[in-house]
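Here is a short note to read beside the model. Take the points in order, and keep the structure open as you go.

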Amino acid sequence: MSERDLVKSGFETRAVHAGYEPDPTTGAVIPPIYATSTYAQDGVGGLRGGYEYSRSGNPTRTALEETLAALEGGSHGFAFASGLAAEDTLVRALCRPGDHVVLPDDAYGGTFRLFDKVERAWGLEHSPAPVSDTDAIAAAIRPGRTKLVWLETPTNPMLTIGDIAAVARVAHDAGALLVVDNTFASSYLQQPLSLGADVVVHSTTKYAGGHSDVVGGALVVDDADLAERIGYHQNAIGGVAGPFDSWLVLRGLKTLALRMERHSDNAERVVEFLADHPGVTEVIYPGLPGHPGHEVAARQMRRFGGMVSFRVAGGEERALAICAATEVFTLGESLGGVESLIEHPGRMTHASVAGTDLEVPADLVRLSVGIETAEDLLADLGRALG
Ligand code: PLP
């Protein structure tokens, strides 16, 4: 497909065709895994395909990076060894010691730990602000010093919604850039660049990869200067995605739209079931009309995704017992794979924020609803909840 036709095509077409043309020699429709660290040169500096060393660039990674950009509606994508490697590279590229970042008050625990323990030691300050309160985010900005406003929406694990367009205006008015972690929604359900965000972050470990078989991260921008800075730091720091990992994420992205539709269908069924269950005190899902962020989510998301959190009567002990009792839902960290997962954020993914402003409720259970048969998921939860 020509570049022009591809840009104008639908999400699913871009997911299948972006980043790679069938190989002119063999006709292979899928990019090979270029397991090579270096590239032969025709005389000193005579690069055949623009590649010299695989930290700087690798054709399998290029195919992924171009696909990531095409799916987010950006000009440049960058693939990393993990979501946190992507985040750290972004910070080094765009901040300096003495700068300040506004962070969501229920960001993913690992993101908080990165800023609180690693970036702070480097001299970068951060302050938390409630994701859903644009005025509070504006108030947390330190004019002249705040370089980044960080939004995760929906957040992990409280599924709080931030208004991307409104926060973009607030950040830009103060001369800061807006970074949106789009991991929970995925590129299919939400397009932050089109709403004013400057940088999109993904843990491609999750919905992008989609099969729980790879750890990876991504950054996407739609600005040549930002791309230059990020590209320089990607190579200078070196936390890049390897060729096999790139290939796995690329394969996952081809079915992202189909998977997200099914994740959303199944999550809606699970939400309906939990909302009627007497042992459940609160169901947290942005698709519920009673969710405080529902209106904003309906405006900026195509559907509401596969993540569901709920609180149970009986406190932490009961929440832990439910997590241990399911059979179709596997007890485990991570999310966004084809299989359903259950976890206790307080003891598992978010243990690192215990005792901080970001601590999560002890009676909270988080589900990553997979693509299995909905009835099997409901029966499993029914058994576990009693
Ligand atoms: N952002 C979000 C929302 C996440 O859930 C995660 C991991 O769970 C990350 C970033 C970090 O990504 P990774 O684990 O690939 O480093």
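1. Which residues lie nearest the centre of the second largest pocket? They are L84, Y108, S203, T205 and K206, out of 21 lining residues. A pocket is an open set of points on a 1 Å grid over the protein atoms alone, with protein on both sides within 12 Å along at least five of seven lines; a 1.4 Å probe is used, and lining residues have an atom within 4 Å of a point.

2. Some ground rules. This is a predicted model, where local features need pLDDT of at least 70 and side-chain atom pairs need pLDDT 80 or more, while totals for chains, interfaces and linings use all residues. Residues are numbered from 1 along each chain as its sequence is written, and side-chain values use heavy atoms, with hydrogens and water left out.

3. Back to the second largest pocket. Its space is about 330 Å³; a volume is the space filled by probe spheres set on the grid points, which are joined across faces, edges and corners. Helix α4 gives the largest share of the lining, 3 residues. Helices (H or I, at least four residues) and strands (E, at least two) are DSSP runs, numbered from the N terminus. By class, the lining has 6 nonpolar, 9 polar and 6 charged residues. Here Ala, Val, Leu, Ile, Met, Phe, Trp, Tyr, Cys and Pro count as nonpolar, Asp, Glu, Lys and Arg as charged, and the others, Gly among them, as polar.

4. Now the largest pocket. It holds about 600 Å³ of space. Its lining has 27 residues, and E3, E65, E66, A69 and S75 lie nearest the centre. Two or more lining residues come from each of α1 (3-8), α2 (11-17), α3 (59-72), β1 (76-80) and α9. The largest share, 6 residues, is from α3. The lining divides into 8 nonpolar, 12 polar and 7 charged residues.

5. Look next at how α4 (residues 83-94) packs on α9 (residues 224-237). The angle is about 120 degrees, and the axes are 9 Å apart. Axes are lines fitted to C-alpha atoms, for helices over the stretch in contact, and angles run from 0 to 180 degrees between N-to-C directions. That angle makes α4 oblique to α9. Angles under 35 degrees count as roughly parallel, over 145 as roughly antiparallel, 65 to 115 as roughly perpendicular and the rest as oblique. In the contact (heavy atoms within 4.5 Å), α4 supplies T89, L90, R92, A93 and L94, and α9 supplies L226, R229, I230, H233, Q234 and I237. These contact residues comprise 6 nonpolar, 3 polar and 2 charged.

6. From α11, the contact uses N266, R269, V270, F273 and L274; from α14, A374, E375, L377, L378, L381, G382 and L385. The contact residues split into 8 nonpolar, 2 polar and 2 charged.

7. Check the backbone too. A cis peptide bond joins T153 and P154, with omega about -5 degrees. P154 sits in the loop between β4 (146-152) and α7 (164-173). The bond from N156 to P157 is cis, with omega near 5 degrees. P157 is in the loop between β4 and α7.

8. One last residue. S186 is not a glycine, yet its phi is positive, about 80 degrees. S186 lies in helix α8 (residues 186-189).
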